[in-house]
Structures are given as structure tokens and as C-alpha cells.
Amino acid sequence: MLNHYPAWKNLLILLVMVLGILYSVPNLYPDDEALQVTHESRELGQTDLDRITTALEAARLATIGEELNGSGILLRFDGVEEQLRAKTAIEDALSDDFIVALNLAPTTPGWMQAIGAGKMNLGLDLQGGVHFLMEVDMEAAVLGRMEDNLSNVRSILRELRIRSRGLALVDSSHIEVRFASADDRSRARSELLDNFPELQFQNREANDLYILDLRMTQDTMLQIQRDTLQANRTTLLNRVDALGVAEPTVQQQGANRIVVELPGVQDPAQAIRILQRIATLEFHLEAAPGAPRSSYQTYDYVTPEGAFTVNVDNDVILQGDRISNVRPSLDQNGLPQVQISLDAQGGNQINRVTRDNVGRMMDILLIETRSRTNLVIDENGEEVEAVEFFEDRRLISHARINSALGRQFVITGLTQREAMDLSLLISSGSLAAPMTIVEQSVIGPTMGRENLEQGIRGVQIAAILVVAFMLLYYRIFGIAANVALIMNIVLIFAVLSSVLPATLTLPGIVGIVLTVGMAVDANVLIFTRIKEELRNGLPPQQAISAGYDRAFTTILDANLTTFLVAVVLFTIGTGPVKGFAVTLMIGIVTSMFTAIVGTRALVNLIYGRRRELRSLSIGIVPVKATPLKPTPGKGQAV
Amino acid sequence: MKARDGRILIDFMRGRRVAAVLSLLAVLTAIGSLATRGLEFGLDFTSGTSVRLGFPDTAPIDQIGAQLDGAGYGDAVVVNFGSDRDIRVLLPIDPGIGAANEAEQAALTGEAIAALLRDGIDPGVILLGSDYVSAKVGEELAEQGGLGMLVALGIIMLYISVRFQFKFSVGAVVALAHDLLITLGIFSLSGMEFNLNTLAALLAIIGYSLNDTIVVSDRIRENFRALRKTEPVDTVNISLNQTLGRTMITSFTTLLVLFSILLIGGESTQGFAIALIIGVIVGTYSSIYVASNVIIFMKVTREDLLVPVKEDAEADSVV
């Protein structure tokens with residue numbers, strides 16, 4: 001018998017190998033140090049690039065590449081020092097609404113980027129940076145809404161002149177209102193029912209009092225949680241932008257947590273100060289024409305049709321903390337709008353101002369504390385970076401007052417996109433619930449580099465040891481196994497770089513190293529089987545075939561169970577455990593392919609077509625023993 | 001030490017009662033130690049601040065301790081990690097600060113300690129990094145880890161029951177529990193730190209030990225079907241001898257890899273490597289003595305495995 005694969009199978013293996021090499025090669029190209037310049041609200045163009053180049057020339061700094069990409073400008077520099085000096089030079093030359101972020105730009109050839117071959121993302125533990133896990137206080141968000149409801153219930157009862165014997169918050173989602181008579185209660189109930197669709201009403205009698213229980217519905221609580229988390233995430237994203245970090249991560253984790261990862265940030269205390277800063281909102285009227293210059297401030301207002309300036313009156317008519325809910329919605333004609341609900345006091349305040357000012361424009365300002373880095377000369381005469389905090393005030397809405405506003409009003413005349421953005425911005429300045437940092441880890445750049453270098457060295461040494469052992473122990477078959485092993489590593493890197501958006505972490509590297517050790521297991525199983533078959537007296541060609549066939553189910557069972565474990569790890573684990581699970585899963589799949597299909601193709605190429613094959617170079621095979629049972633290759637349960 | 005087909009070179013099963021007693025003793029010791037001494041949980045599972053610092057030369061631990069004590073960090077614990085030039089300062093959370101400011105406090109502490117040591121001991125001190133974990137997250141992590149292990153064991157038991165037979169799944173799960181308990185026991189007895197990396201290692205041990213057990217069980221199943229007139233104990237013995245070569249080689253290559261991680265992988269992965277080395281050694285032993293022992297103890301018979309399985313067609317189409 002002869003062992004050979006059909007041509008398509010060999011071609012398939014060749015194709016996988018070529019793709020594997022192609023998609024893992026970008027990791028060999030070192031990145032350029034770069035700066036990514038963007039603007040808060042508009043796209044950058046050639047004029048901005050010209051301004052930047054002039055500023056760089058003035059500072060005697062040279063770029064090694066400039067390009068307009070997407071909405072920003074990417075500048076490449078030769079070395080970290082140039083990059084940092086250029087950052088300061090550009091920040092000085094441009095106004096504060098430009099964001100200059102440190103970045104790394106790939107140097108892979110364009111055609112590689114075009115086919116989607118990129119580099120692996122390195123985790124914080126391999127490149128240094130700060131990791132925060134922030135917990136949003138959901139209890140506070142729900143409680144805030146209920147306190148609001150409480151004061152609204154009180155004022156409605158007062159308006160209707162229904163006397164209550166007291167009303168109180170029982171817990172964060174439960175209000176009880178006590179009445180002296182069932183009649184009062186039923187009148188109150190029918191009135192309140194229309195005003196509070198988000199509450200459940202229940203009657204109860206105790207101690208001769210008629211009690212009305214108002215509880216927040218489960219749906220509303222979930223909705224509040226979702227809104228609050230989203231609002232907090234938006235706020236964090238805005239503030240992370242202010243830090244000028246390249247490729248920050250702001251991700252939801254679980255129902256009430258947000259992960260923030262800032263690669264390259266070295267001053268965690270500053271990062272914390274900025275992340276925990278609270279954004280606020282203010283409602284103003286537009287200044288009347290001819291108003292004295294000292295009574296207003298001028299702001300840029302950017303719309304898709306263009307930017308213009310607005311004079312905003314200095315008097316605050318409403319603060320953002322009076323807002324109890326914001327959401328984008330559609331009006332009865334299906335047009336997008338933003339729906340804003342205020343608490344009772346806020347409703348009164350806005351009503352008083354707007355009923356006398358129908359027809360004028362109302363403006364909303366978002367105020368955030370941000371930071372900028374300046375170079376100053378310290379007492380030793382050296383240039384050091386100093387962080388300065390400043391208030392950033394932005395006009396986010398400019399709309400006409402069409403009628404006297406009350407507790408609920410809408411802002412119309414927006415596109416769907418604008419309605420979404422505006423409600424997110426308003427939320428970020430008003431609804432965000434308090435957040436606390438529950439986990440934080442800072443990895444210095446030295447440590448990150450060490451971790452990466454040691455990790456890579458670990459993979460190399462482990463691979464060399466295993467390769468040497470396999471070669472000594474299995475000879476020609478060892479070579480096949482070693483080629484498969486190296487292909488396996490290449491494939492894992494290719495999958496991690498281009499197929500999955502995975503991030504390589506230290507535990508991930510350990511996962512790869514472990515795969516190196518365990519990937520040869522499949523080959524060991526196959527080769528031991530082949531040796532056994534040889535010992536049982538099978539001719540070499542049949543021994544190869546039987547060895548591969550009979551080891552297959554064992555390998556499949558063993559790998560499937562390990563894969564299941566990896567899936568469990570991935571599902572329940574977070575952070576490092578997840579990173580480990582990902583590489584383990586990828587490694588199991590690729591190693592099954594290379595160790596079974598790959599080595600078989602090689603063995604077939606080497607031995608498959610030789611009819612007169614007398615022996616195999618597979619290491620020591622003990623003397624033949626009389627087989628206990630004939631072992632036909634097929635037809636028997638394995 | 002090679003086994004020939006059908007012959008028993010090493011009579012593993014003769015020593016099975018002794019092995020059972022030994023395993024039982026080891027597991028009981030491990031449980032005893034876990035119950036009384038417990039584990040030395042790392043920061044990941046407890047809470048507090050840990051600051052890592054690097055010195056240009058050997059770090060003077062005692063002097064550092066005294067320096068910190070003098071500056072008001074009386075609760076600080078200073079230990080070496082990785083090499084004698086790197087240290088780690090562990091600080092409990094100051095209850096007076098309040099949850100909202102803990103993290104910022106922790107971040108400032110790292111800088112402050114580095115500055116203190118630069119002034120007092122060596123200007124070349126660098127801040128390698130710092131970690132802060134609040135009590136709540138630590139607790140959750142421990143719960144998650146434990147839950148994960150139980151879920152993994154459950155799923156494995158189910159899979160083996162379907163693919164093999166119930167007695168085999170009991171064998172595999174008992175072997176896994178045996179490996180995990182003994183590894184945990186060694187961590188408890190030696191007082192080595194148990195952190196997130198060690199947890200990941202434990203989960204990897206599940207995978208590894210299972211791999212070994214499945215390979216042996218696979219051979220036992222095959223031999224039960226092929227060797228009709230052999231006693232179950234002998235069948236198991238023959239299977240163990242047949243797989244011995246493979247078991248040893250795979251354990252050897254895996255250990256090669258793990259020792260290279262241990263020796264050159266840096267301090268961040270040391271705990272992981274140590275846990276896995278223990279796990280691999282115990283796992284190799286348990287795939288021979290624990291899983292097989294349980295199967296024999298449960299009186300496995302040929303009939304248990306006589307379900308006709310048609311797998312060749314499937315196998316060929318996959319390859």
C-alpha cells in the first residue's frame with residue numbers, strides 16, 4: 001500500500017501555511033513613533049496640516065511621514081524624543097480643542113494592510129500603562145430617581161389639596177404615602193397613576209392608616225441601569241480623550257462595571273483625577289440683541305451645516321442636576337427629538353423663565369474639567385512637564401423656545417444622529433452616577449518590556465528544547481513533528497494578529513508556551529502507535545496508516561475535553577484568565593491541524609511513494625514480538 | 001522499560017491498594033492543611049495596595065522596612081520578588097480613607113514610596129508598577145474561580161459519560177479532584193502565594209490531567225473490546241503499559257517547557273509555572289493510579305463498553 005494525500009489536500013495545507021506566514025509576518029515590522037491629531041468637533045484638512053508643519057519647522061523638528069487619515073492627521077517621527085517634543089510644539093501652536101495623542105503607526109507595506117494583515121495588540125502587562133475597573137453606583141442612580149418621584153408626588157398632592165399623613169422612602173425603590181381615609185387615597189391614586197407610568201401602585205392598610213405603596217417596576221430599574229451605565233461610559237470616553245492616549249479602551253464589564261485601559265499612561269494619579277472629574281450642565285438664554293458686552297459670553301456652535309457664534313447670556317436658568325431623565329425618541333410624526341424630564345423644582349424654575357421668553361433661543365452648555373500639559377522650567381533649569389487643569393465649556397444645544405416649558409419638554413429639529421449625540425452629552429453632564437475605582441493596576445514601561453522580552457525568550461527556549469528532544473527521539477518523524485510545531489506557532493500568531501481582535505497578554509504567552517509543550521502530544525501519540533504497529537509486524541506503509549488512524553480518536557477526545565475547559569475559562573474568567581483561555585483555544589485548534597494533517601502530509605511526501613520501504617526513521621523500535629491478536633487496520637472499533 | 005503488546009512489564013495494578021492509601025493520605029493532608037492553614041491569598045483575592053520597585057543593586061530589605069516604618073508606613077510588608085534587586089511593598093487599605101479615594105490614594109502611595117526610597121536609600125530606585133484591589137472585587141474573583149472549577153468538572157463528567165461510560169467519568173473526575181486538591185495542598189503547606197496566575201494554572205491543570213486520563217481511558221476501552229478473555233485488572237495493566245511511553249514523553253516535554261518558563265520567564269509567571277509543574281507530576285501519577293483504580297474499584301466489565309460505536313467513517317472524513 002502507498003500513503004499519499006490527494007492533490008487538493010496538499011494544496012489546502014500549502015494554502016493554510018502561506019496564509020499563516022503572510023498574516024503573522026507584520027509582527028516583524030517595528031512601529032514608528034507617531035502623533036495622531038484630531039479635533040473635538042470637525043474633520044481636519046490640508047490647512048491644519050500646513051499649520052502643524054509650520055509649527056514643527058519653527059521648533060526644528062522633522063517628521064518622517066505625514067498623512068491625512070479619516071478625520072485626523074497622522075505624523076510619524078524618528079524616535080520617542082522627537083515624538084514627545086513635537087507633541088508639545090503642536091499643542092502650543094494649536095488651540096485646546098485639538099487633541100494630540102501619542103501613537104504607534106504600523107510600517108507594514110500597504111498591500112499587507114490592504115489584506116488586513118496587522119500586528120497583534122499587546123496587553124497592558126506587555127507595554128506598560130494603567131488599568132482601572134470602575135464600579136457605577138446603581139443604587140444611587142435608582143435612589144436619585146425615586147427621591148425625585150417623592151418630591152413630585154408631594155407637590156402634586158399639594159396642588160390637588162389632598163391631605164396625606166406623611167410620605168417616605170422605604171428603600172431605594174419604594175415610596176409609601178399614608179392617608180387618613182380610603183377616599184383620599186383613591187383620589188390620590190387616580191391622579192398619580194397618570195403621572196407616574198414607571199411606578200406600580202398598591203393599596204395597604206396598617207394601624208388605621210390607608211397606605212399607598214409606590215414601587216419602581218423592574219423594567220424601569222433595568223432601564224435606569226442601562227442608561228446610567230451608558231451615560232457613565234460616554235463621560236469616561238470624553239475624559240479619556242482629554243488625556244490624549246492612543247487606543248484607550250473603555251468597555252462595559254458585567255451589569256455595573258466599566259474597564260478603562262490606558263496604554264502608555266505613566267501618571268495614574270493624574271488619570272484618576274481626570275476620570276473622576278464631574279461634568280455639569282447649564283441652561284442659559286441667548287443674550288438679547290444689543291445687550292451689554294459684559295452680560296454674555298460668545299461660543300462657537302457647530303452644526304453639520306456649518307459653525308457660527310452664539311452669544312450666551314451669563315444667567316443660569318437651570319442646572320444640570322435638576323434633570324431626572326433624558327432620552328432620544330420620536331415625535332408623533334416620527335421625527336427625532338430629545339426628551340428631557342426635570343424634577344419638580346426644575347420644572348417650576350424653567351416654567352417661570354420660559355413663559356416670559358417664548359420665541360427666544362435657549363442654550364445648553366456642557367462644562368468639563370480637562371487638563372493640558374505644559375513644559376515649564378523647574379528650579380534646576382530643566383524642562384519638565386506640568387499639568388494644568390482648566391474648565392472646558394461647550395455649547396451643545398441652541399434651540400428656540402416655542403412655548404412655556406414644564407417638567408417635561410422636548411428639543412426638536414434634529415437628525416436622528418444629533419438626537420442621539422445630544423442626549424448622550426446631556427446625560428454625561430447630568431445623569432452619571434457616582435463611580436468608584438475598585439481595581440487598579442499600573443505597569444511601568446520597564447516592567448512591560450521585561451515581561452514581553454522574558455515571555456518571548458520563554459517561548460524560544462521552550463521551543464528549542466522540545467524541537468531538540470523530538471529530533472533526537474523520533475529522527476525523521478521528529479523533523480515532521482518539529483515543522484508542524486513551528487507552523488503551529490506561526491498559525492497562532494496569525495490568528496491572534498489578524499483573524500481575532502485578541503490582545504496578547506502575559507498569560508496569553510504562557511498559553512502559547514503551554515501549547516508548544518502539549519502540541520507535540522498528538523504527534524507522540526501517533527508515533528508511539530506507529531512504533532507499536534511496526535512491532536506487531538505490520539509493514540511500514542501500513543503501520544503509518546494504522547498509526548494515524550488509530551491515534552485519531554484518542555487525540556480528538558483529549559483535545560475536545562481540553563477545549564471544553566478552555567471555553568469554561570473564557571466564559572467565566574476575566575482579564576488574564578480570559579487571555580490564557582483564548583490562546584489555549586486557538587492553540588488546540590491549530591495544533592490539531594498541524595500535528596495530524598500537517599505531519600501526515602510531510603510523512604507522505606517523505607515515505608508515501610516508496611513501494612520497497614523496509615524501515616522507518618522513527619527512533620528505537622524494540623524487537624518484534626508475536627502479536628497477541630491480529631490487528632486489522634479498519635473495521636474495528638478504536 | 002517498554003511494554004510489548006499483551007505483556008505486562010510493570011505490574012502497576014499490584015501496587016494499586018498501596019497507591020490508593022497513599023493518594024487518600026495525600027488528599028486528606030491537603031484538605032486538613034487547607035482547612036487549618038488555608039491559602040496565602042495574593043492581592044488579587046484579598047485587597048490592598050502592592051507597589052513594585054526595582055533597585056540598581058541588591059535591595060536592602062531591612063533598611064527599606066525601617067525607612068518605611070519611620071515614614072508612617074508601619075503596616076507595610078517588604079518582600080523580594082523575582083530577583084534580589086526587585087522588591088514588593090504590600091500595604092493594607094487604610095480604613096480611614098473611604099472607598100471613593102482608595103484608588104487615588106493607592107496611586108499616590110506608589111510615587112510617594114518610590115520618592116522616599118530614592119531620597120533615603122538609593123537615587124536609582126525605579127517604580128515598576130503598582131496594583132490596587134478593593135475588597136469586593138477580590139471576593140468576587142475567588143467566587144468566580146471556584147464556580148469555574150465546578151462548572152468545568154461538571155461539563156467534563158457529562159462529556160466523558162457520553163463518549164465513554166459513567167464509570168470512566170467518575171474515574172476522570174476523581175483523578176481531577178485529586179490533582180487539584182494535592183496542588184492546592186502543596187500551596188497551602190508551603191505558604192506560596194495563591195494569585196490569579198495560580199488560579200489560571202489550576203484551570204490549566206484540569207486540562208492537562210484530563211488529557212492524560214482520556215488517553216489512558218481510551219486505551220482501556222479499546223482493550224476491553226479487543227482482549228476478550230483477560231481479567232479486567234490485567235486489561236487495565238496492559239493498557240497502562242502500552243500508554244506508558246507516551247505518558248512519560250508528553251510529561252517530559254511539558255515539564256521541559258514549564259521549567260524554561262520557571263527559570264527564564266520572569267517573576268510574573270513563576271507562580272504559574274510552579275503550580276503547573278506540581279500539577280503535571282501529580283497528574284501523571286493520577287492518570288496511572290487514580291483514574292484506573294477507580295474504574296477497577298467500580299468493577300468495570302467488558303459489557304459496559306460493548307456499545308457498538310461506528311467511528312471510523314467519521315474519523316476518516318475529518319482527517
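Which strand of chain A is Asn121(A) found in? Asn121(A) sits in strand S5 (residues 121–122) of chain A; helices (H or I, at least four residues) and strands (E, at least two) are DSSP runs, numbered from the N terminus. This is a predicted model, where local features need pLDDT of at least 70, side-chain atom pairs count only at pLDDT 80 or more, and totals for chains, interfaces and linings use all residues. Residues are numbered from 1 along each chain as its sequence is written, while chains are lettered from A and ligands numbered from 1 in the order in which they are written.

**Around Asn121(A)**

- Asn121(A) counts as partly exposed because it has 17 C-beta neighbours inside 10 Å. For reference, a residue is buried if 20 or more other C-beta atoms lie within 10 Å of its own, exposed if 12 or fewer, and partly exposed in between, with C-beta atoms placed from the backbone.
- Leaving aside neighbours within four places in sequence, Asn121(A) is in contact with Thr503(A) and Leu504(A); contact means that the C-beta atoms, placed from the backbone, lie within 7 Å.
- Asn121(A) and Leu504(A) are 383 residues apart in sequence, yet 6.0 Å apart in space, C-alpha to C-alpha.

**The four-stranded sheet of chain A**

- Four strands make an open antiparallel sheet, in the order S2-S3-S1-S4 (chain A). Two strands pair if DSSP finds at least two bridges between them.
- Strand S2 (65–69) and strand S4 (98–105) of chain A are at the edges with a single partner strand each, so one side of each has no neighbour in the sheet.
- On average, neighbouring strands here are turned by 20° against each other, direction ignored. Axes are lines fitted to C-alpha atoms, for helices over the stretch in contact, and angles run from 0 to 180 degrees between N-to-C directions.
- S2(A) pairs with strand S3 (residues 72–77) of chain A over five bridges, in the antiparallel sense; Glu67(A) has Leu74(A) in S3(A) as its bridge partner.
- Helix H2 (residues 46–58) of chain A packs on this sheet, touching strand S1 (32–39), S2 and S3 of chain A, with its direction at about 30° to that of S3(A).
- Helix H3 (residues 80–93) of chain A lies across S1, S3 and S4 of chain A and runs at about 15° to S1(A).

- The buried residues of H10(A) are Ala344(A), Gly346(A), Gly347(A), Ile350(A) and Thr354(A).
- They cover an arc of only 150° around the axis, so they are on the same side of H10(A); the arc is that of the directions from the helix axis to the C-beta atoms.
- Their cover includes helix H6 (138–159), strand S15 (306–319), strand S16 (323–330) and strand S17 (336–342) of chain A.
- S16-S17-S20 (chain A) is the order of an open, antiparallel sheet of three strands.
- S17(A) and S20(A) run antiparallel and are joined by four bridges, with Ile340(A) opposite Phe409(A) in S20(A).

**Where chains A and B meet**

- In total, 72 residues of chain B are in contact with 70 residues of chain A.
- H6(B) gives the largest share of chain B's side, 16 residues.
- Strand S21 (residues 435–443) of chain A and S5(B) run antiparallel, joined by five bridges; Ser441(A) stands opposite Asp131(B) in S5(B).

Methods. Contact = placed C-beta atoms within 7 Å.
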